[in-house]
Amino acid sequence: MSRAAEFVFPAPAVPALQIAGRSALFPVRRVYCVGQNYAAHAREMGHDGRTPPFFFGKPADAVVPGGGRIAYPPETGNFHHEVELVVALGKAGANIMRENALDHVFGYAVGIDLTRRDLQAEAREKRQPWDVAKGFDCSAPVGQIHPAADTGHVAKGAIWFKVNGATKQSGDISDLIWPVPDIVSTLSRFFMLQPGDLVFTGTPSGVGPLQRGDRGEGGIDGLGTVAIEIV
Ligand code: MN
């Protein structure tokens with residue numbers, strides 16, 4: 001069979017991120033996320049900060065390249081920001097050794113894990129999945145990718161989030177419970193990782209609500225910023 005596939009309607013476009021200093025785009029395949037990877041955030045979520053981080057996911061088409069205007073999502077009254085270091089993978093692998101993990105990293109970006117906190121709390125209480133709390137439309141704004149080949153790997157540096165100019169989240173990448181090599185290595189035991197995969201690495205403390213009309217901006221030293229406006 002050499003005939004090109006025919007679809008009953010047009011196949012969805014591949015979400016793609018800009019890469020600093022390059023004209024080619026980064027095509028997004030999957031979005032993995034790490035939960036409770038900063039002890040101070042785990043504590044503010046009501047945990048003792050000693051349980052290991054864990055994984056969840058968002059659909060690739062939840063990515064909003066470059067941020068911008070985001071509609072306040074339906075079915076929530078407590079819509080939260082979580083600024084995060086995003087790791088962009090450039091090489092496939094499974095069962096990756098920690099010491100080789102950074103070879104699989106293409107680059108880094110600033111992302112916002114937008115969360116319906118009320119639905120997350122309800123899911124927790126009922127021991128139900130997090131999809132409606134985490135994986136909704138436009139729940140993953142991501143800024144430009146900065147290639148590791150240009151900027152090096154990211155193991156420290158300030159990470160922050162401002163709402164209407166006021167700092168709400170302020171932390172340092174060096175406080176990650178699982179640093180990037182541990183995340184990539186551990187994730188690769190559970191999934192065959194591929195180029196195009198993104199990993200949200202968890203948020204520092206200070207998460208809080210966004211309202212219609214709010215302007216949010218997240219940044220990480222050396223990786224620029226991503227800005228959103230809630231409409
Ligand atoms: Mn998060």
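The chain carries 22 positive and 24 negative side chains, and the centres of the two sets lie 1 Å apart; Lys and Arg count as positive and Asp and Glu as negative, with His and the chain ends not counted, and each charge is placed at NZ of Lys, CZ of Arg, CG of Asp or CD of Glu. The model is predicted, so local features need pLDDT of at least 70 and side-chain atom pairs count only at pLDDT 80 or more, while totals for chains, interfaces and linings use all residues. Residues are numbered from 1 along each chain as its sequence is written, and side-chain values use heavy atoms, leaving out hydrogens and water.

**Overall form**
- The radius of gyration, taken over C-alpha atoms, is 17 Å, which agrees with the value near 17 Å for a compact globule of 231 residues, the rule being 2.2 Å times the number of residues to the power 0.38.
- Along the principal axes, the C-alpha atoms fill a box of roughly 55 × 45 × 40 Å.

**Burial**
- Of the 231 residues, 49% count as buried, meaning under 20% relative accessible area with a 1.4 Å probe and protein chains only.

**Strands**
- The chain has five helices and 18 strands, which are DSSP runs (helices H or I, at least four residues; strands E, at least two) numbered from the N terminus.
- An open antiparallel sheet has the strand order S10-S7-S16, where pairing requires at least two DSSP bridges.
- Strands S10 (115–116) and S16 (208–209) stand at the edges with a single partner strand each, so one side of each lacks a neighbour in the sheet.
- Two bridges join S7 (residues 79–81) to S10, and Phe79 has Arg116 in S10 as its bridge partner.

How values were computed. Buried means under 20% relative accessible area, exposed over 50%, partly exposed in between (1.4 Å probe, protein chains only).
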